[in-house]
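Biologist: I'm still learning to read these models. Could you take me closely through how the strands line up, and then what sits around them?

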Amino acid sequence: MPMTVAEKIWQQHSVAELGDATTLLHIDRLMLHERSGGRMLKGVLDAGRTVYDPSMVVGTLDHIIDTTPGRGDRTLFAGGAEFIKTFRDSAALAEVQVFDIGDARQGIVHVMAPELGIVSPGMTLVCGDSHTPTVGGVGALAWGIGVTQGEHVLSTQCLAVRRPGQMRVCFEGRLAPFVTAKDMVLWLIGRYGANGGKGRVVEMVGPVIRSLSVEGRMTLCNMMVEFGAWTAIVPPDDVTIEYMAGRPYRPTGTCWDSAEIYWRNLASDDDAKFESEIVVDCEDIEPQVSWGTSTEHVMGITGQVPDPAQAGSDIARASMEKALKYADLRPGDPLLGLGIEAAFIGSCTNSRIEDLRLAAGILTGRKVAPGLKAICVPGSTQVKHQAESEGLDDVFKAAGFEWREAGCSLCFFAGGDSFGAAKRVITTTNRNFENRQGPNVRSHLASPVTVAASAVRGAIADPRALGFNL
Ligand SMILES: CC(C)[C@H](C(=O)O)[C@@H](O)C(=O)O
Ligand code: SF4
């Protein structure tokens, strides 16, 4: 039977068919972070169980740790110290390796796992975090799980999973200058809605995907969660294999040779069946910005805020009306020129080295608008070190950006570190929900290029129109 790439990985990991469209799958990697990982480990230990194979489990600290320079163990998250202690103590007891603060391998879990080569094409990987599909960008099948499921994986290295539907999105054409993977995914969610990929594995193909780096592919896969997808995957190709080649935890020797043969053959069959398919012409995509409080509240940067009267359903209309109120905008308003008070570059969506290079390209020789709070948080300590070795930190600092330590940081409000109540922020993150980045903070999602250009103008700005070079 012809199969999709996800179905092949699924079948290769099947331990038993449990009926009711559910399969017991072998899990190759379990990633842990201090917000959900400590509870999983403690749950297993408290029940008197052992971790089946600690070498398949890796932890890091990212969510609730401080990111200000010279950080110690400070956390602004209520009860955060307890989370961190539980995580460290349980990991030590279970003999699970944790890349802690001060370790060069520490970082946002979805950034450091692929960067270190802990995950590779064709693997199954899970983590107690909704943005786990990010690593679909290297051709792995990865998804977010809950604490109970995490305990099951820790104890058995397996998980019972219901078979998802299959969907394919083909990106045709070419990306215009200043248009990035972030704009592609925002456009897709804006066009097809926050439930457009509901419950499916979304395979992403086409010439534009082939031309993207693995980092760009990860940006896309990261936000497919905001498209409602169960997960997303880009089948491996030469770009993926080249990416894997430099990674410290990659397979080596004859294992690399056989892995490479396997990766090269890991593709959907020509006549594989997808429940739904979308073809996107990338020529249509301009830089995108979100205007509201759902990831589907997105528009082209030169457009106007839509009118709820035109909404396709009562639910959409109500959500748009509420969002307009929260965002303090009116139908027909342009976003171009809308004043912003802060800019954020970071998060598992856009904090990898290529993102920082793009933003620094815009910021070189420029300064952020007076009074604007601008913060850049590298996704991992390794990204930070790489950026520093290229002098990017100097560019950010000279432009007026704070240059932070690696972590999730202001991607979500963890209890104190904030832009200030009700501030309007342009941000490279993935969620623009109410209060996501602080009390009443209005978040406008955009690419690192658009965020950097807007920071310079002090208002939402079209990077194409302002004489920036890339
Ligand atoms: C805290 C964590 C479990 C959460 C998630 O699952 O995504 C966070 O990373 C987020 O982005 O909201
Ligand atoms: S960077 Fe943001 S979206 Fe990503 S894992 Fe951390 S909190 Fe979640």
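Modeller: Strands (E, at least two residues) and helices (H or I, at least four) are DSSP runs, numbered from the N terminus. Keep in mind that this is a predicted model, where local features need pLDDT of at least 70 and side-chain atom pairs count only at pLDDT 80 or more, while totals for chains, interfaces and linings use all residues. Residues are numbered from 1 along each chain as its sequence is written, and chains are lettered from A and ligands numbered from 1 in the order in which they are written.

Zoom out and you'll find β10 and β11 in an open sheet of 4 strands, ordered β11-β10-β9-β12 with parallel pairing. Its edges are β11 (231-233) and β12 (276-281); each has a single partner strand, so one side of each has no neighbour in the sheet. On average, neighbouring strands here are turned by 20 degrees against each other, direction ignored (axes are lines fitted to C-alpha atoms, for helices over the stretch in contact, and angles run from 0 to 180 degrees between N-to-C directions).

There's another open sheet, with 5 strands in the order β5-β4-β3-β6-β7 and parallel pairing. Here β5 (97-99) and β7 (141-144) are the edge strands, each with a single partner, so one side of each is left without a neighbour. Look at β6 (residues 124-127): 4 bridges join β6 to β7, and Val 126 faces Trp 143 in β7.

Now for the helices. α2 (residues 37-46) packs against α3 (residues 80-94) at about 50 degrees, with axes 8 Å apart. That makes the two oblique, because angles under 35 degrees count as roughly parallel, over 145 as roughly antiparallel, 65 to 115 as roughly perpendicular and the rest as oblique. The contact includes Leu 41 and Leu 45 of α2 and Phe 83 and Phe 87 of α3 (contact means C-beta atoms, placed from the backbone, within 7 Å).

Last stop, ligand 1: the residues around it include Arg 35, His 63, Asp 129 and Phe 412, where being near means a C-beta atom, placed from the backbone, within 6 Å.

Definitions and conventions
Pairing = 2+ DSSP bridges. Contact = placed C-beta atoms within 7 Å.
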